[in-house]
Amino acid sequence: MSVLSLKHVTKKFGGLTAVGDVSFDIEENEIFGLIGPNGAGKTTIFNCITAIYTITEGEIFFNDKKLEKLKPFEIANIGITRTFQNIRLFKNLSTYDNVLTACHKSADYGVLSSIIRIGKFKKQERELNDKTAELLKLMGLWEYRDMVASNLPYGLQRKLEIARALALNPKMLLLDEPAAGMNPEETLQLMELIRQIRDKFNLTVLIIEHHMDLIMGVCDRIFVLNFGVPLAQGTPIEIQGDKRVVEAYLGKQEDHNAEG
Amino acid sequence: MSWVYFSGILIMSGINLLTVLGLSLLTGFTGLFSFGHAGFMAIGAYISATMTMKMGIPFIPALMIGGFAAMLSGLLIGKLTLNLKGDYFCIATLGFGEAIRLILDNIKYFGGARGLPNIPPYTTLTNVVVINIVAIIVLVFIIKSRHGRNMVAIREEEMASQVIGIDVFKYKMMSLAISALYAGVAGGLLAHYLGYIQPIMFKMVKSTELTIIVIFGGLGSVSGSVIGALLLTFLPEVLRSFYEWRLVVYGAAVILIMITRPQGLMGGKEFSFKGISKIIKRFRNKNKDDGEVKS
Amino acid sequence: MPALHYLNNRYKEVEELTVFLQQIINGLSIGSVYALMAVGYSLVYSILNFSNFAHGGVIMIGAYIGYFSLTLLKVPFYIAFIISSLGTGFLAVAMEKAVYRPLRKRNAPFLYFIISAMGASIFLENIVIASPIGPTFRTYPPIFSTTPIMLGPIALGRIDLLMFVISAISLGSLVYIIEKTKIGLAIRATSYSIKGSTLMGVNVDKVIFIIFLLGGILAGIAGMLFGMKYTVYPQIGNITTKSFIAAVFGGLGSLPGAVFGSILLGIIETMTSGYLSSQYRDLIAFALLIFVLVVKPTGLMGKSTEDKA
C-alpha cells in the first residue's frame, strides 16, 4: 500500500496551469525524488500536499486518507512535515528554541496547566527538553544550541530545518532543495544523513533537488516534471538514460550537435 | 508631591500596565496589531460598574464579569477575522473600538455621552498591585510553556508554524481572548478608581497609546512592558509641558524605533539578574583592557 | 371624496420619491469623497499588500493646506486645490521614503509597517494639535453660494455637486493613467508580482513612488472636499476608518471595488441618517463590516491571493 498517492492533481492560478494532471505513488520507506527544470511546479506540488494551496482538480491520499480538505496544521498532525526552499526557520529564536517549539505536539497539557504548573506540566516539559536535546545531538547541532538561528552557517540552517521537522514524529518528510548552497562534501554528508534518518525514524521521504548527484545517489525512484506536466518516472538509472529528461534539462540533442 | 497624588499616578500606571500586559501577549508575542483595545477596556468598565452599582455584586467578581464580557467580544471579533489576512483583523479592531464608543454614546442605560457617575471607589493601590502581580505571573507562565512558544512561532513565521502542526487560528484566538480579558479587568479598575466613566475616555487615542507602550518596552518582553507602562504614565504627569507634545514625540519615536531598534528598550529580552551581572562583567572587562594598554 | 384621497396619495408618493432621490444624491456626494479616500488606500494595498493607516493623516493635512491657501494666501479656489494636492502628494512620497522604504529594504515583517503607519498617523494628528494651529474646528470660507441648484423638485447642493464632479474627474483620470499609460502598465504588473515585474525591467521603487504620489494627490483632493463640506479639525483622519471599511466591502485590493463600496456606503449612510436617525449613521459602517466579514470577506470584487511557500 502506498504511503502517499497523488491522483490526477492539477493546480491552476487563474489561467495559468502550474501543475497539470500529476499522478504518482510513493511506497513506504522509499526515498522518492522530484526533479525538473526551474519553474516546473515542484514546490507547487509540495504546497498542494501540505494544503498551503488548494488543488484545482484531483485527489491526494496519505495512507488512504484524503488530504484535500485538511488545513496545513492538520496535515502536519497526521504525519507529513516539510522544509522550505527559502529556509523558514524562526530566525530570531535560538537553535534550541526552534526545535523545542516544534516538539509541542509531544505534550498535551492545557493553558490552565501551564499557569498552575502542577501535574502534567513539569513532567512533559522535561520530556520535551530531553527530546530536543536528543534531536539536536543526532543532527550535530548540539554545540550550536544557543546560537540565534539566523547566525548559523547556511548548511547548518538547513539541517536545523530538518531537525525541526523531525520533532513532530512524522511518518513522511518532504524536503525542498535541502542541498541548495552546499558544497560537494556537505552534499555527501546530507545524503548519508537522509539515509540515516530514514532508517532510524522509519520515514518515507520525498525530495525536490537540483543536485543530481544527491538525487541519483540517494533516491529509490524519481519523478520528472516539466512545465507542470509529468515527463518521466523510474529508477535513477532509467531516468538518467531517458532521452526526454536529458532534452528537458539540456536542450534538444540536434541543436547541440548543430552548434558544436 | 503628596502621597495621594503619587499613589494616584501609581494606580493609573497599574491600570495601564494591566492592559499593556494583555496587549503585549497579542502584539509583542503573537504579532497581531489591535487598534481597538480601548473598546475592551470600555466594555469591562461599563459592565463591572453596572454589576457593582445596579446588581450589588462585590468588587472582584464584578471585575471578572467585566473581563469575561470583554473576552467574549474579543472572541467574536476573532472568529470573524482571524482566519483572514492580517489587515482584516486590524480594520475590524479599528471599527470595533470606534463602534463601542458610539454605541455607548447612545445607550441611555449606560448614561449615554454623559456616562456613569457615582461609581463606588473600590480600586486601591493594594488591589491594583496584587492584580498586576497575579497578571504578570500568569502571563509569564503562559509564555514559558508550549503555548507561549507557539504564539512566538506564529509571530516569527506563520507559515512554518502551520507546517509544524500549530493551529494558528486557535492560538491567535487564545492570545486575543487573554488580552481582551486583561483589558476588561483593567477597565473595571479604571471605573472604580475614577468614580465615573464616559465613552469619550475610550477613544482610539487610548488604544494607540497602549500599543505605543508595548513597542517602547519592546515586542516580546514582559519586563519591557512593565517599565514602559510605569515610565510612560509617570513622564507625562511629571512633565506637564511634555504632556501636550507627548503624542507628537510618541508618534515620531515609534517610527524611529521601528526603523532602528524594533526590539525596543529591552531588546526582546527580560529583566534578569543574570543579565545585569553580564553587563557589569562586560563593563569591568572593558576597563581592565584599558588599564592594561596604559601600563 | 375619493378623488381627493387619490390626489393626496399620489402627492405623497411623489414626495416620498423626491425624498428618496434626494437621499441618493446626498449619498452619492459623500460616497464619492469616501471613494477618493478608499482608492488612495487601495492603490497602496494592491501593490504592497500593506494597509497604509497613515492615509487619514495625509487627508487631514490636505484639508488644512486647502484651508490656509484660501484664508492666508487668499488664492482662488482651484489654485487652492492644486496646492493642496501637491502638498499631500509630496507628504505621501516623503512618508514613503522616510518611513516605509527603510522597512521595505530590510524585509521587515508586516507588523512593523502597521506600527509605523500608526506612529506616522499619531504624529501628524498631534503635531497639528500641539502647534499654533491647534485643535480648534475651522470652517472653510464660503466659496459657493448655498442656494442649491434645482433639478425639478430635487435640490442639488452646489458643494455636493462639486464633490461628485471633482471626485469623478479625479478617479477618471486615475483610471486613465492606470489603464492607458506606460506607467499604469508598470503599476498593474507590479500589483501582480513585485519579483516578476522587477525581472521584466520595472523599476519597482519608481512605481511605488508613483502610487504613493497618486494616492497622496487623491488624499489632498478628498481632504479639501471634506473640509469644504464639513469642517476642518485634526481628527479628520478618523473618517478614513469608514473608507477602509468601504474598501473591505468592495474587496481589498480592488480599485473599482473601493469606488463601488464607498458609493454604496455613502448612500446607505445617508439613507440610515434620513430614515432612521443620524445617531446610527456612523454605526452603519461597522454593521456593514460585520456583514461583509460574515457573508463574503473577500468583498464584492475582491481578489483572493494565496501565499507562496
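How many bridges join strand S1 of chain A to S2(A), and which way do the two run? Eight, and they run antiparallel, with S1 covering residues 2-13. Quick caveat before I go on: this is a predicted model, where local features need pLDDT of at least 70, side-chain atom pairs count only at pLDDT 80 or more, and totals for chains, interfaces and linings use all residues. Residues are numbered from 1 along each chain as its sequence is written, with chains lettered from A and ligands numbered from 1 in the order in which they are written.

On terms, helices (H or I, at least four residues) and strands (E, at least two) are DSSP runs numbered from the N terminus, and strands pair if DSSP finds at least two bridges between them.

Back to that pair: A:Lys11 has A:Val19 in S2(A) as its bridge partner. Helix H1 of chain A, residues 42-49, packs on the sheet and touches S1, S2 and strand S4 (57-62). Touching means C-beta atoms, placed from the backbone, within 7 Å. The direction of H1 makes about 70° with that of S2(A); axes are lines fitted to C-alpha atoms, for helices over the stretch in contact, and angles run from 0 to 180 degrees between N-to-C directions.

The sheet itself is open, four strands in the order S2-S1-S4-S5, with antiparallel pairing. S2 (16-27) and S5 (65-66) of chain A each have a single partner strand, so one side of each is left without a neighbour in the sheet.

Now the partner chain. 21 residues of chain B contact 25 residues of chain A. H6(B) gives the most to chain B's side, six residues.

Conventions. Contact = placed C-beta atoms within 7 Å.
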